Amino acid sequence: MLYNFLSVYILNTKYIDLIDQTYFFPTEEFELKDGQLQFHDIDLMALVEQYGAPLKFTYLPKISNNINRAKSWFDTAFAKADYKAKYHYCYCTKSSHFKHVLDEALSNDIHIETSSAFDINIVIKLKKEGKIKKDTFVICNGFKRDQYIQNIGDLIDSGQNCIPIIDNYEELTLLTDVTSKKFNVGIRIASEEEPKFEFYTSRLGIGYKNILSFYKSQIESNDQVQLKMLHFFINTGIRDNAYYWNELHKCLKVYVSLKKICPSLDSLNIGGGFPIKNSLVFDFDYEYMITEIVAQIKQVCDEAGVNVPHIFTEFGSFTVGESGGAIYKVLYQKQQNDREKWNMINSSFITTLPDSWAINKRFIMLALNRWNEEYERVLLGGLTCDSDDYYNSEQNVNAIYLPKYHKEKPLYIGFFNTGAYQESIGGFGGIQHCLIPAPKHILIDRDESGNITTKIFKEQQTSEQMLGILGY
């Protein structure tokens, strides 16, 4: 009996046993093949062997997959509620401005949301390529001054289906000063933030109580402008909690009140903020949330005797987040005291996954190889001399476990669903903390036959590029 007990104990010390006992594994994204991790059937160790590490990758088909999942959920919800209007999927470009991301997203008959002046320059380039059509909605959000206002005016003059979202009391006058054409506008509601937030009201938009008076004073009698859209977004995103539903109903009250005096108002933008997987135990019922949102919008409108609005969403992280990943090699292990083993990676968390440092965000992290070997508890350290350059826990577990370090058997680890914001916040192509270079970036796609294809988007930064930026 003792022998059998010890046999079981020994067998369950492998990394594969740990993952199997802690999570439901394999998942729709991850599986194991010959002891090595596969991501959407991509052989990650083969990727490392071909391109080296550290590296970042973007799996483009995941972008289209998530867009079409959301569209199907809204189609189902509209059918269930007998909802007589249209759904428009918008991608908010600030999540990732890269051309390969926009090209993939726009191939799915979607619309876009912008937030700054240079976004419009991207729109103009994509229009020239035929990626953005004249009837593509370009929703212009954010606090607008000078160049952004001028660029929006130029877009309206070009005949683009552009809807600037009014953020403050001066913007409408600024817009009418730069174009003589008639155009549609939206109004953003300044939502009240969650009670535990450090401030009470969003800095963006116009307060609930002031929107009707703003419409009457600046839009109702303005022959150049008509109100098309009411824009609603809360910082914590779409969540199934009392705070979200309360804010949504406050927004719907404003919509109903406006609709009764403004026939041109026919659209409600519920923003974005869909969560993405940050753990293998992630659980969010997207379909339920969409079904409930659509049902509640219809119920409020029916009770008020007004037509239901067209629904717009602005999904950023949900669109692109789960397409990205980062791969590192464990260079060395430092035993700093009796309890702390530091696995040093060949890059930096501060520079390549800045959200893990700035807002303590966690991503899915798994070993790529050596799954059939024993595991140990470790801390992960980056290459910079900053004490905050580390990664110490998973979303659902206050620890990191990886196959035991062996100098002669290199260990590779992957961070997944990193595709939103990390390159922008990290300053892609610029100067990084301690001059740690931005890693090589690989684009992964599938050809017409479904076969995986890869190509280099950017090589790792060179010293010459960095010195040039610094003026040497």
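The model described here is predicted, so to speak of a local feature requires a pLDDT of at least 70 and side-chain atom pairs count only at pLDDT 80 or more, while totals for chains, interfaces and linings use all residues. Residues are numbered from 1 along each chain as its sequence is written, and side-chain values use heavy atoms, with hydrogens and water left out.

These two residue pairs belong to the pairing of β1 with β2 (residues 36–39), which runs in the antiparallel sense over four bridges. Strands (E, at least two residues) and helices (H or I, at least four residues) are DSSP runs, numbered from the N terminus, and two strands count as paired if DSSP finds at least two bridges between them. β1 and β2 form a hairpin with two residues between them, and D34 in the turn has a positive phi of about 55 degrees.

Some backbone details are worth a look along the way. Most residues other than glycine have a negative phi, and most peptide bonds are trans. H40, although not a glycine, has a positive phi of about 50 degrees; H40 is placed in the loop between β2 and β3. The peptide bond from F25 to P26 is cis, with omega near 5 degrees, and P26 lies in the loop between α2 (15–22) and β1. A cis peptide bond also runs from A53 to P54, with omega near 10 degrees. P54 has its place in the loop between α3 (44–51) and β4 (55–59).

On the scale of the whole chain, the domain assignment (automatic or from a database) gives domain 1 (15–52 + 324–470) and domain 2 (61–321). The contact between them (heavy atoms within 4.5 Å) takes 28 residues from domain 1 and 17 residues from domain 2. The centres of the two domains, taken over C-alpha atoms, are separated by 34 Å. The size of an interface is often given as the accessible area lost when the parts come together. Here the buried area (accessible area, 1.4 Å probe, that two parts lose on being put together, summed over both) is about 1,900 Å², and carbon and sulfur atoms give 59% of it.

Between domain 1 and domain 2 there are two salt bridges, a salt bridge being a side-chain nitrogen of Lys or Arg within 4 Å of a carboxyl oxygen of Asp or Glu. E28 and K277 form a salt bridge, with their closest N and O atoms 2.7 Å apart. On the side of domain 1 that touches domain 2, β16 (364–367), α15 (422–426) and β21 (440–446) each supply at least two residues. β21 gives the most to this side, with four residues.

By the same rule, the salt bridge count comes to 20. K62 and E322 form a salt bridge, with the closest N and O atoms 3.6 Å apart. This pair links distant parts of the chain, 260 residues apart: K62 sits in helix α4 (residues 61–81), and E322 in the loop between α12 (317–320) and β14 (324–335).
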